[in-house]
Amino acid sequence: MAHDGFGMLFAAAVQGHNHVPRSNREMVEDLVRSGTLTSEECIAAFNATDRKDFWLEGNADFIYADMPMRSGSLHVSAPQIYAQALESLMPLKPGMSFLNVGSGTGYFNSIVSELIGEMGTNHGIDIWPQTIDHATDRCQRRGRRGLSFFLGNVYQLDVAQSMRYDRIYLGACANSRSKYLYRLLEVGGVLVGPFQVGHSQQLRRVVRESEAHFTVEILGSVRFATLIEPTVTPEVVQTTNSGSMRLSNGLRGPCRPVSASDPQVGLPGVQFTFSLRERPWTIDRSSLYPPSFQRAVLVCSNSRPRDDRAAFLPREMWMQHIFPWCARRWFEPARPLSLPAVVMAPAAKEQGTNTAGSSDECGASDDGGSTCVPSAETTPEVGPRAASSTMQQESSGLHEEIHTDGVLVEVYDNGQRHTIGAEEDPDDAEDGQREALPFHQVLRLLAEATLARQNLEAGERGRRPHAGGGTRSDAEEEGSMMTGNESESDGDEDMSEVHDLLEEIEMIEADDDDDSAE
């Protein structure tokens, strides 16, 4: 059965014993009630962006349910995943820059645009042309300006030639070799996304504390589709005489392999085919630039030579032809690649062990989203933080620096540190990992848990003590059943739906057994 069928089965299980929101307002209320949405800014952004506007017409029966949706190459993650990601990316302020890797329908980009405004830079990347067209169309329908979607694979993005971002969201699972993408973060920036850890996946919050120092916080256990690693073939890339390349979609960009002198940047053997540039400077966006840039604008545009006969550039040249071509950090002094010499505590456990729970402990889907319900085991009791308090205390009291010569270091919240790009990444350790369950087995567990709970509730009703002491007589129980037959019939309907769901799952498992036998 296709992923769409799995989604309908899961929706049937949800509808059988839970309330399914019928409007965007009800969906947001559920997210607030569950504690996933907490800040007023995030709640307002979700209320202002109707999830249904970004899905296909006539195929949105369960669009507000807390489940991922997929139709062909089009996908949208569960509302709970987007809510947790948005809260983890906070604070989001007007004028900030945002990159969404695997932007899909454009729904999450539109939510973020409510917070960073039209002056901010809002980019999305996706590998499917029809998805890019869909996202662009839906954002234009809603009057969203300043959002740009690019066709390409993030592994072919030239990180060294691209802009840096204040916030990044990964809509698909990265791995240990993907961590060079940290370089896309601005200092002080935040990246939120799933990472492969052995056989499980963790949702993480990565903060760039300095040029070479990143802190990593584990937010919970999830299940996402993985980022697709490209295979460069002559049919896809054709090098031209000018040293550029032509993609099958007609786009042009630099085509160069990863430099052997800098093996950390990019996947081995994968060519860079495009880069992402920041929006050109304009006078109305000048306040969003660093003070050094603002001073340069003030001096160069208003200064005049003392000698009236000396040549000088008029203000219009600076404003229209020079400053728009200058990068945001053009006038900033070079920042050394160094980090504080912090003495780390011994690691409490190997990072390969999933400290926030395993993916087989929650309902999970491989269609680009997660159905994991927040719990004390999978979600921190407190909100996301910029960095571990231990790291902040140790860093503030030490001034000695270790020059890393371009080496990037990540530090986990349990004190473990690792050099990005080095061998034996802790995320690649498989000891103690458990294999993720197939989705139909997850559905079986959900259905069986529902049956057990309903049987327990039925048993408790049968043993309910009488208000005056003792137990009810058969006549009293019969009278009680007559007055409460509506709730009893509702329970029977729920039980019937769950039994039907189990039968469909058994058919799926039988089909899988037949396929494997063939």
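This is a predicted model: local features need pLDDT of at least 70, side-chain atom pairs count only at pLDDT 80 or more; totals for chains, interfaces and linings use all residues.
Contact means heavy atoms within 4.5 Å. Residues are numbered from 1 along each chain as its sequence is written, and side-chain values use heavy atoms, with hydrogens and water left out.

## Nonpolar cores

Start with Y169. Leaving aside residues up to four places away in sequence, Y169 touches I81, Y82, A85, L89, F98, L99, N100, V101, F108, V192 and F224.

Y169 belongs to the largest nonpolar core, which has 51 residues. A nonpolar core is a set of buried Ala, Val, Leu, Ile, Met, Phe, Trp, Tyr and Cys residues joined through side-chain atoms within 4.5 Å. Buried means under 20% relative accessible area, exposed means over 50%, and partly exposed lies in between (1.4 Å probe, protein chains only). Which members touch the most others in this core? They are F46, L86, L92, F108 and Y169. Another core, of 34 residues, lies apart from the largest one. Its members include I168, A174, Y182 and F274.

## Salt bridges across the chain

Side chains of opposite charge can pair when their charged atoms come close. A salt bridge is a side-chain nitrogen of Lys or Arg within 4 Å of a carboxyl oxygen of Asp or Glu. How many salt bridges does the structure hold? There are 18.

One of them joins the side chains of E57 and R141, at 3.2 Å from N to O. E57 lies in the loop between α3 (40–47) and β1 (69–71), and R141 in helix α6 (residues 129–141), so the pair ties together parts that are 84 residues apart in sequence. Helices (H or I, at least four residues) and strands (E, at least two) are DSSP runs, numbered from the N terminus. E57 is exposed, at 56% relative accessible area. R141 is exposed too, at 54%.

R177 and E229 also meet through their side chains, at 2.5 Å from N to O. This pair links distant parts of the chain, 52 residues apart. R177 sits in the loop between β6 (165–170) and β7 (185–197). E229 sits in the loop between β9 (213–222) and β10 (238–239). Both are partly exposed: R177 at 41%, E229 at 32%.

Elsewhere, salt bridges that share partners join K179, R204, E410, D425 and D427 into one network.
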